[in-house]
Amino acid sequence: MSKYLLNKFLFTVDRDPELVERYREDPRGTVEWWEAEHANRLLNCHGGEASTWLRFEDAEREALAAHDYPKLFELGAHPFLTLTLFIAMFERDHEPLGFQTEYARRLAHMTLPYPDIAT
Amino acid sequence: MAQLVAVIASTHHPFYYRASTATGEDRPPFADEWVRKVEAFRETLTKARPDVLVMVGSDHFHQLWLDNMPQFLVGKAPFYDANWYNEEREFGLPRMFFTGQEDLSAYILREGLDAGFDLAFSNELRIDHSITCPIITLRPQNDLPIVPIYTNIFAPPLPQPKRFVQLGRTIRELVESWPADKRVAVIGTGHLSLELGGPRQFGPHGPDPEFDRRAVEWISSGDIEGCLSEVTLDSLHLPGNATHGFMDFMLMMGVAGEGAKADYADTYDLFHTMEAYFTWYPNGGVA
């Protein structure tokens, strides 16, 4: 399980306006491209110093590719990162606060204790 | 020596800026009362006539990231840019720019290390809404130099609640021993009960009004021991999955001191989370 890598995807996409749009329009393609090209990139370092061992598990890759934010919650992705990025992508399609309340409703089956988010 | 002239603890609500500046149909019905409360709160800082602001907050995965995560970090730079693209995007926050009180940063780092806090530091720190929100609410003219201090309330493993209180006590000692003829206010922001990215988010109130009621009582009465006896890293999951931000309130209780009753306390029950505003005037009030 790589909660860290899930978070790294959410973190690096959320802070890049072009990637936010790319992930909204082509989630599966963006995830595949990102895993191949960026998953191992050590932030702030050139490519020659990339890590060599990071990859998604199948369930993680699929959750990202399906925009399945309830599944990301279950997998222990950091809820703040997931919420922020998905608001950026989908708030525009809803009434004010409509996406946020739908988001809560789709997670309504989750009870305490929530999945552990420690990385 | 420097004088600690005000201790201020507040929630930091990123929607305040947009709500308070909206007009016409865009202005939410709760905005006018919110502005009234914030302006009254602002007066408590203005009255203290500070020269320097020590600003305690928490980076929200903007500059601090899981490949290199400090627990407590002090900014030490002559200037700070502030607010990030995703805060502009989601909250409509403006880009901001601060002057740093770099000699106080250096003093807090040196003396803090020697006092037992292995503080991290940053010489180039872009500040986020945990610090810009209280500037917007409390000092919108943004005319005072700052020392930013970040705590990790966000990426476990987190420091224990008592450590936040201890750091608050230490910050007070360091401010009061800083050899400068300056009036210093310490301002810290956190949360009461809060859920982000979970099933209890964005409800009509904060996710746990009973926790909020007790938290306000602990803070306003300075009941550090009572608070520490009930609040643990585990217990903070119960009122809402982002409630660990309450530990920054506990840090500010440490600055204010055991048994220090707040000289000013106010709350505002909004959707999603409760706002809470506290001010202490150490050493017997505003000189």
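**Checking the labels**

Analyst: B:P157 sits in the loop between β7 (146-151) and α6 (161-177) of chain B, where helices (H or I, at least four residues) and strands (E, at least two) are DSSP runs numbered from the N terminus. A cis peptide bond, with omega about 10°, links B:P156 to B:P157. Bear in mind that this is a predicted model, with local features needing pLDDT of at least 70, side-chain atom pairs counting only at pLDDT 80 or more, and totals for chains, interfaces and linings using all residues. Residues are numbered from 1 along each chain as its sequence is written, while chains are lettered from A and ligands numbered from 1 in the order in which they are written.

User: Why is B:F61 called buried?

Analyst: Buried takes 20 or more other C-beta atoms within 10 Å of the residue's own, exposed 12 or fewer, and partly exposed is in between, with C-beta atoms placed from the backbone. B:F61 has 22 C-beta neighbours inside 10 Å, so it counts as buried. Its phi is near 50°, positive in a residue other than glycine.

User: And what makes A:N44 count as exposed?

Analyst: A:N44 has 9 C-beta neighbours inside 10 Å, so exposed it is. A:N44 also has a positive phi, about 70°, without being a glycine.

User: How do you know that α6(A) is largely enclosed?

Analyst: Nine of its twelve residues are buried, so the rest of the structure largely encloses α6(A). Among the buried ones are A:F80, A:L83 and A:F86.
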